[in-house]
Amino acid sequence: MTAVLVAVLIPLAMAGLGWPLVRRLVPGLGEGERLALAPLLGALPLSALVQAVGAWRYDFAAMAAVLAVALAFVIGLPRSVPPFPWRWWPWGWLLAALFGLLALSALAPPIDHDTIRYHLTLPRRDLELGRIALWFGWSIYEFFPPLASLLTRLAFALGGAEAAQMLNVVWVGLTAIWAGLLVRRLGCGPQAALAAALLVVGQRVTLNLGSGVTTDFPLAAFIGAAVTVALSSERGKGAVVALGLLLGAAMACKYQGIFAALAVLVPLGVLAVVRRRGLGAVIGAGLVAALVLAPILLRNYAVTGNPVFPTAHPLFVAGGLDVFAPFTQAMTRQTIPGGPWALPWTMFILQDAFDGLQWGFPFILLGLPFAFFRPGRARLILLAMVALYVALWWLVMPHLLRFLLPMLVPFCALGAAGLAQVAGVAVPWFRPVFTAAIAVGMVAQALFAGSSALYRLPVVFGLLDIRQALEVPAFRYYSLISPCLWLEEKLKPEQTYLALVNDPSFYCPQKMALHGLRPGEERAFYTVGVAPLSAAEIARWLRRDNVRYILMVSNLMADDERYAFAKHRFDHVVAPLLAGQHPLLDSPSGRVYDAVPLIAALERASGQ
Amino acid sequence: MNRDRLLAWGFTLWALLVTLSFVWANGGQMADKFMQRLGLS
C-alpha cells in the first residue's frame, strides 16, 4: 500500500506548495476551482525541488526529505472542501468504479509500451546511478520537458513502479476534476460536471494509459485549468500570472504543450484585439509561460545545441538527423479520408485510420453539436481553441489521436455540455431513446475497460506471475521480461552486459548495460553517425568493461525509432557470431549468451 | 416544431448516424479483438 500512500502524499504536498500562490493570484475563483488549482501550481516548485536535490542525490532518503519539506506547507491548506451537491446519480457510481479499476490496475507491473521503454526506465537508471542524470547520447527522452517526469521520479524513488503509476491515476483525477469545473463555467449543473469527468475517465485511451505512466494527463490537466481560468471573470495581474504559470507548466510537461498554449492564447488575443482591451494580459500570460519553459530550452541548447532536442534537430544543428524520420515517414503513409475538412468526423469514427481506437465509442462527437444550442460566448471560444489545436496538430504533428489529449478537457466539457442540453429535453418518447444511445456507448467502453483490466488484474490478484503475464506476443518484445529478470538475478556487482535490443526495458538492470557510445561521440550519433566498430575493437571494449552476458532480443532490427537510444552499434558484428553459440537462457522474447566465448570468437575473427 | 422536439429528433437521428457509422467502421475489428482476447478465436 506504499503506492497509495505516496499517491496521496505527493498531491497533498503539491497542493500545500501551490495554495499560497492560489490565494495571492486568483482570490476570486470559485472555492472548488481554487482547491483544484493548488496542486497544479504546486507541481512547479515541487518538480524544481526534485530536480535540485536529485541532481545531487537521488535515492529514497533524499526524495523522502524533499517530500517531507514540501508536506510542511500542507498546514496552510483550508480545513474543509466545498460541498458537492451530491445525489444518487449513476454517473457518480460509474466514476467511482472506473477510478477503482484504474487504481487497482496501477498496482500491476508496468505493461504499457512507453512506460516500459522510457517513462520508468529513466527513473530506474537514475536510481541506480544515484542522481538524476542528463546523459546526452543515452536516450532522446531525457531531453523532453521534465516537469511530470520529475514527479514520476519522486514517486518511483519512494514507492517503485506502482507508486509512479498510481500518481498517473491522480493526474487522471485532476484532469477529470477540471473537466467538471470547466463544464460548470459553461453554465451547466453538477450532473453535467460528473458526466464531463466521466467522459475523461471513460475514453479508451484513459482506460488503457491511466494506470501506466504518462505525461499526457498532467498536460491535459494543466490545459484544462488554464482554459477554465481564461474563461473566468478573473482579470487582474494575478490571474494573468496564474494563466501563464499553467500554460508554462503544460509546456514543461511535453513539447505539444507549446501548441496547446498557442491554441489557448491566440483566440484570447483575437478577442482582445476585437474588443480593444485585454491584449496586454494575453501577452503577459504568454511571457510568463515562456519564462517557465525557458530554463528547459536553455538546458537543452547548452547540452545538445538544440533547444527543443530531439525534435527539429536539422533546424538547429548543421547536419542534424531528423530523429523521428522513420516514425513520421511511417505515419505520413496514412491516408485520412476527407483530409483536414472531414477531421471532426473521421477522428472519432475512423479512428483506425490514425493510431487506433483511442477514444473508443465517440461520446464526445455525440454531444458536441448540441453544446451550441444554448448561446454562450465561452463555448464558442472553447471551440475556437479546440479547432486551432486540431489545425496545428494536422499541420505540424504526426497524426496520432493520442496527441489530441492536450485538449481532452475542452473536448469532454463541450461533449458533456451537449449531452446535458439534450438530456433536459421534455419530450416523453425521448427519454428511452437517449438512455439507449448512452447505453450502447457504455457497453462498448465497458468492453474496452474489461480488456485493459484483463491484462493487469490477474497479476495484481496473484493469478498470474509477471513472466506469464508479459511473455505473451503483445508485450514480450518490449518488456523482455524473462531475459531481464534472469540478468537481474545473475549479474554480480562490477559485471556488465551487452544489450542487442530495439529498446531498453524497465525490467532490465540499466546502469550495468554497456553504453554504446564512447566519450565525445554523442554529437556524431545525432548527425553524421558513429564509426563502425571492428571485431577487435568490440572484443577490447567488452573485456575492458567486464561484460559477462549478451542479451539479444528475438526481433532485433524490427525498429522504427533507431535514434531513440544509443543502440544497434554492435549488432552487425556480434549477432552473426552469436548464431553459433548455445544460449544460457532461451525465451520467446530474447536470449542471453555467455560473453566469454563471444569475446574469444571476436578475437579469432580479428586474427588475434 | 418547438425547440425540445427539434432537439429530440435532432439527437435521435445524430445518435443513429454516429452509432451506426462507428459500428460499421470498427465493429468487425472490435469483435475480432475481443474474441481473440477471450481466447475464442
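Select A:Asn546 first: with a relative accessibility of 38%, A:Asn546 counts as partly exposed, a class that lies between buried (under 20% relative accessible area) and exposed (over 50%), computed with a 1.4 Å probe on protein chains only. The model is predicted, so local features need pLDDT of at least 70 and side-chain atom pairs count only at pLDDT 80 or more, while totals for chains, interfaces and linings use all residues. Residues are numbered from 1 along each chain as its sequence is written, chains are lettered from A and ligands numbered from 1 in the order in which they are written, and side-chain values use heavy atoms, with hydrogens and water left out.

A:Asn546 is not a glycine, yet its phi is positive, at about 55°. Its place is the loop between helix 25 (535-544) and strand 2 (547-553) of chain A; helices (H or I, at least four residues) and strands (E, at least two) are DSSP runs, numbered from the N terminus.

Next, select A:Glu494, in the loop between helix 23 (481-490) and strand 1 (496-500) of chain A. A:Glu494 also has a positive phi without being a glycine, here about 80°. Is A:Glu494 buried or exposed? At 66% relative accessibility, A:Glu494 is exposed.

Then select A:Phe309 and A:Pro310, which are joined by a cis peptide bond with an omega of about 5°. A:Pro310 belongs to the loop between helix 13 and helix 14 (313-316) of chain A. Most residues other than glycine have a negative phi, and most peptide bonds are trans.

**Helix 27 of chain A**

Select residues 595-605 of chain A, which form helix 27. Its buried residues include A:Leu598, A:Ile599 and A:Leu602, as well as A:Glu603. Among the elements that cover the buried residues of this helix are helix 25, strand 2, helix 26 (571-578) and strand 4 (590-594) of chain A.

Just after the helix, A:Gly607 has a positive phi of about 75°.

**The two domains of chain A**

Colour chain A by domain: domain 1 (2-78 + 99-306 + 350-444) and domain 2 (479-605), with bounds that come from an automatic or database domain assignment. The centres of the two domains, taken over C-alpha atoms, are 38 Å apart.

Now show their interface, where 24 residues of domain 1 are in contact with 21 residues of domain 2; contact means heavy atoms within 4.5 Å. The size of an interface is often given as the accessible area lost when the parts come together. Between them the two domains bury about 1,900 Å², 59% of it on carbon and sulfur atoms; buried area is the accessible area (1.4 Å probe) that two parts lose on being put together, summed over both. Which residues of domain 1 lose the most area to domain 2? They are A:Arg117, A:Arg124 and A:Phe136, which together give 31% of what that side buries.

Three salt bridges cross this interface, a salt bridge being a side-chain nitrogen of Lys or Arg within 4 Å of a carboxyl oxygen of Asp or Glu. Display the salt bridge between the side chains of A:Arg124 and A:Glu488 (2.5 Å, N to O).

On the domain 1 side, helix 5 (113-119), helix 6 (121-129), helix 7 (147-185) and helix 13 (279-304) each give two or more residues. Helix 6 of chain A supplies the largest share, five residues.

**Gln445 in helix 20**

Select A:Gln445, in helix 20 of chain A. A:Gln445 is buried, with a relative accessible area of 7%. Its side chain reaches the backbone oxygen of A:Gly202 at 2.8 Å. Not counting residues up to four places away in sequence, A:Gln445 touches residues including A:Arg204, A:Leu207, A:Trp359 and A:Phe363.

**Chain A against chain B**

Finally, display both chains: 34 residues from chain A and 24 residues from chain B take part in the contact. The area buried between the chains is about 2,600 Å², and carbon and sulfur atoms give 77% of that area. Zero salt bridges are counted between chain A and chain B, and six residue pairs are in polar contact across the interface (both at pLDDT 80 or more). Helix 16 (343-349), helix 17 (363-367), helix 19 (408-423) and helix 20 (430-460) of chain A each supply at least two residues of the side that touches chain B. Helix 20 gives the most to that side, eleven residues.

Definitions and conventions. A polar contact is a pair of N or O atoms within 3.5 Å; within protein, one must be able to donate a hydrogen and the other to accept it, and residues adjacent in sequence count only if both atoms are side-chain atoms.
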